[in-house]
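Here is a friendly tour of one chain, written to be read beside the model. Please keep the viewer open as you go.

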Amino acid sequence: LQKIETMADEAPPAATVPPVEETKTDVSAPITNAGEDVAAEQAANLVQNKMNLQALPIRAYLDQTVVPLLLDGMSALVKERPPNPIEWLASYLVRNNPQGPSQP
């Protein structure tokens, strides 16, 4: 027990975290090239979203990209009950693709 107390007394001090510097934005400065800034931010967000999708586990990727549209299509399919359900569902998915038509 005495050895444990001695070890606790000899323990190095805990690491300290440096203070975070605050940055201030001058809101009175005129906005220049606002359209370019918005476009650049949207492009950066698109790249970040694609990277995030690539890093997701399989289930999370499907839940975020395919499952919502697939569930909507299957709900419409059971209401419609067409004679060729696979072709009907494929057509539904293509018509309602939130990413738009694919580029050849």
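## A helix-to-helix packing

Let us begin with helix H5, whose buried residues pack against H4. Contact here means heavy atoms within 4.5 Å. Helices (H or I, at least four residues) are DSSP runs, numbered from the N terminus.

## The model and its confidence

This is a predicted model, in which local features need pLDDT of at least 70, side-chain atom pairs count only at pLDDT 80 or more, and totals for chains, interfaces and linings use all residues. Residues are numbered from 1 along each chain as its sequence is written, and side-chain values use heavy atoms, with hydrogens and water left out.

The average pLDDT (the predictor's confidence in each residue, from 0 to 100) is 76 for the chain, and 55% of the residues score at least 70. Among the elements, helix H4 (residues 67-80) has the highest mean pLDDT, 97, while helix H1 (residues 2-10) has the lowest, 51.

## The two sides of H5

Which residues of helix H5 are buried? In this helix, which spans residues 85-95, they are Trp 88, Leu 89 and Tyr 92. Seen down the axis of H5, they fall within an arc of 95°, so they line one face of the helix. The arc is that of the directions from the helix axis to the C-beta atoms.

On the other side of H5, the exposed residues are Ile 86, Glu 87 and Val 94. The cut-offs are under 20% relative accessible area for buried, over 50% for exposed, and in between for partly exposed (1.4 Å probe, protein chains only).

## A stacked aromatic pair

The structure holds 1 aromatic pair. Its partners are Trp 88 and Tyr 92, which are stacked, at 5.7 Å centre to centre and 15° between the planes. Rings of Phe, Tyr and Trp (its six-membered ring) pair if their centres lie within 6.5 Å; planes under 30 degrees apart count as stacked, over 60 as edge-to-face and the rest as tilted.

Trp 88 and Tyr 92 are 4 residues apart in helix H5, so about one helical turn separates them. Trp 88 counts as buried at 17% relative accessibility, and Tyr 92 is buried at 14%.

Asp 63 and Arg 59 form a salt bridge, at 3.3 Å from N to O.

These two residues lie 4 residues apart in helix H3 (residues 58-65), so Asp 63 and Arg 59 are separated by about one helical turn. Asp 63 is partly exposed at 34% relative accessible area, whereas Arg 59 counts as exposed at 63%.

Conventions. A salt bridge is a side-chain nitrogen of Lys or Arg within 4 Å of a carboxyl oxygen of Asp or Glu.
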